[in-house]
Amino acid sequence: MRVIVAGVGYRNLRDHSVGVVVADRLLDRAWGDDVVVEDLSYNPIAVVQRLEDEPPERRFARAVMVAAVERGNRPPGAVAAYRWDGVLPDDEEVQRAVTEAVTGVIALDNTLVVTRHFGGLPDEVVVIEVEPGVQEFGEDFSAPVAKVIDHVCELVVTMATDPSAAAQLPSGGLGGGIRMATGHGLA
Amino acid sequence: MCFKNLPIEFDAQGKPFLRAGVANPYGPTEATPRGAPAQLTAERIEELLKRNGYIKDLDFDPVTRVAGALAFHTVADFQGRKVLEARSMATLFRGYEVIMIGRDPRDAIFITSRACGVCGGVHSVTSAMAIEMAIGCVPPPLGVLIRNIALALEFLYDHPLHLHLLAGPDYSAAMVGPTNPSLLERARRSEAPHAEIHGFRTMGELMDDLNPLSGKLYLEALHMTRVAREAYVLICGKYPHPQTIVPGGMSSTINLTVMNEMFTRLAQFFDYSKKLATIWDDLTEFFYEANPAYKQVGARRANLIDSGIFDHHEAYDATYAGAAAWGERRWATPGVIMDGQLVTTDLHALNIGVEEFVEHSYYEEWTGDGQRQHFPTDPVGNPLSPYHPWNKVTKPRPQGQSWKEKYTWDTAPRWDRQAMEAGAYARLWNTAVAQKLPANPFIESTGTSLKLRLPQGALPELELEWKVPAVWNAFERNRARAYCTGFTALVALNNWLAAMDRLKLGDTRTSTPFEIPKRGEQRGVGFWGAGRGYLTHHLTLDRGAVANYQILTPSTWNASPSDRWRQPGPYEEAVLNTPLLEETDDPVKFKGIDILRAIRSFDPCMPCTTHIHSDAGVITREVNTCACGVDDEGG
């Protein structure tokens, strides 16, 4: 079963760089042939096209998506993991997502909606989100996010390599899932 | 003489000077725009709203299917089916001018690229050109040619995206059906005149395939953005923020493999351009025939401005002194169209006529008591306004929203104190009437039209002719943008052929080494263009660092608020002239489709979608202010 591990975010944007930093770190890990790690922080339409480029017999069966997402209802550094149920918003919202996609917005929800709508995503999608604490230029994380970043990397590896672990996650809509840990919890 | 409002005259040698005897030549009363429309006063609108139940506020917040954060406020007369007040609001602060201060100028290429998530490359090139002018660095011919091709490819991403993803749905069955059922009914009975080219037998079928998300034209546009992007990254490294644009040219390695790979993608746009032009011809004529009132949708004075783009590789010398000459040898001629007439193609005249005002914008005035005008003239001694970008200082001042006072983060750029619009169509119009195109086998400027000879692909060779329109409105903007796709593909083809000639000569040099001077003050301006038209970056360096940086984008012009003379900005003026042609009298069911067609026809790009700087940090996703809570006192 082929798995894609994908980071989504912005470079040099402190906590909002979680996705790309995790992807960078995991790139060098000794993965088996069935796991691909990529930074998918670009126009989601192009992401669809990239995923569709896989030959049918090599299409990914699972995607593990990691990003900082500001939900606002959890403390900075909170980590949430869930299997996305793949339910899309109404067509008007999907259109809006496509507009944002082609005009340069990089955001996890948008990427998920657009890639699902156009059939690029595998059926099984594991989402790992980190609640950011700051939004500003810079190369380092805020303290709460810095505390969880190793844990996030381990979690991603588990979800990419252990199907039973992924199967145990709750299923939910965008932003759904259970809180796994926070900076405080890991201290 | 091209200036009618500013007191600028020209001597026998064509050198501009300020008319003698004018005490305050750039004062508000000495140079008042003549013949311009004016918004009704806030008091008058308030009175009309109170007295007439059929006059109502109609707000669009956000305006969807545009790039970035735009909100629009109108007051509509549902009985008279017209718009009485129109206010355009850029709801986010685009603070690149502030970010750039004190930095190494080379940073501008990468930082200003982030102003837009669609067309970052245009900002990179414009900043590279501003630096080239400031430091005296001239790219080699192949560097100019490859830069032209790169940016043409960016536009080949941009135009289809707008036509069939953003504006196209306004003309789709999914939109026309609910708003104008009789029109869709008529479309189903109407044969499409250019069926043999675009493949749609009836207008109804064409409208079906403009449907968002599922229509074939929508999906095809998504595919074509990929084709353009693939060609672009061959020479720019990545999209939308290129890595290979440098002062003095391009850092890409160009060889036959790259050229051939690029061509296989470029060639796909020849047939696609034939389809686009004929689709938008058929749509435009269908609407006009069904109801001539559609000619008023988005109508405004044909006041257009364009900085020109795509330099001739043997003409561009990166100097300000030479700009009037190299500007006129561009593949897209710079110029100003005033009331439908070309008044100048001279980049110096174009530059000195530009001013920016902030009476209705969330900025502080930078002129005034005790403020010294930094540059009274341009580098060749032509007069400059204190409101010119080289003199402008960006002083953001967030505050409450009021139609009487301030209501947008956009400024009000004016040329000769007139509200001008920018767009791909201005590029086409100037080039068509100026007749200054370099000799070539594919594009002909006739004085009243542009003839585009598109090579054979799956479709036979075809000559398209874009004619200067008799009316100026939303439909003509879209039609011109469709033709501009073909124009752009042919500019790329001409430059591709010229680049191949350079390679045959063994000339593979794409850039010129440079050093940033560490002493003294230097000035530069990049005159370039975005897919949406006019783009300039005005730069001042002081001891090797950026002392001032001013970006003027097409949407700064188009989305501008009313000015100190109550003259509306282009979106505002276009909406004020738009009749409400929806087939409903019920304000609740009213979608405002004609207003939205008017606004979207400009291809709005509030170039701030990706990274916005504010006091609170950096915003990566738009968070709009709400136009619903507009200050009542202002209203």
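These questions and answers look at a helix pair in chain A and a sheet in chain B of a predicted model.

Student: How do the axes of helix H2 and helix H4 of chain A lie, roughly parallel or oblique?
Tutor: Helix H2 (residues 44-52) and helix H4 (residues 108-117) of chain A have axes that come within 9 Å. Those axes cross at roughly 50°. Angles under 35 degrees would count as roughly parallel, and 65 to 115 as roughly perpendicular. So H2(A) is, relative to H4(A), oblique.

Student: Which residues of H4(A) meet H2(A)?
Tutor: From H2(A) come A:Pro44, A:Ile45, A:Val47, A:Val48 and A:Leu51. By class, this contact has six nonpolar, three polar and no charged residues. On the H4(A) side stand A:Asn110, A:Thr111, A:Val114 and A:Thr115.

Student: Which strands are the edge strands of the open sheet in chain B?
Tutor: The sheet has three strands in the order E16-E17-E18, with antiparallel pairing. An edge strand pairs on one side only. That picks out strand E16 (521-530) and strand E18 (545-552) of chain B.

Student: What is the bridge partner of B:Gly526 in E17(B)?
Tutor: E16(B) and strand E17 (residues 533-542) of chain B run antiparallel. Ten bridges join them. For B:Gly526, the partner is B:His537.

Student: What angle does the direction of helix H4 of chain B make with that of E16(B)?
Tutor: Helix H4 (residues 120-135) of chain B packs on the sheet. This helix touches E16 and E17 of chain B. Its direction and that of E16(B) make an angle of about 150°.

Technical notes: Residues are numbered from 1 along each chain as its sequence is written. Chains are lettered from A and ligands numbered from 1 in the order in which they are written. This is a predicted model: local features need pLDDT of at least 70, side-chain atom pairs count only at pLDDT 80 or more; totals for chains, interfaces and linings use all residues. Axes are lines fitted to C-alpha atoms, for helices over the stretch in contact, and angles run from 0 to 180 degrees between N-to-C directions. Helices (H or I, at least four residues) and strands (E, at least two) are DSSP runs, numbered from the N terminus. Angles under 35 degrees count as roughly parallel, over 145 as roughly antiparallel, 65 to 115 as roughly perpendicular and the rest as oblique. Two residues are in contact if their C-beta atoms, placed from the backbone, lie within 7 Å. Ala, Val, Leu, Ile, Met, Phe, Trp, Tyr, Cys and Pro count as nonpolar, Asp, Glu, Lys and Arg as charged, and the others, Gly among them, as polar. Two strands pair if DSSP finds at least two bridges between them.
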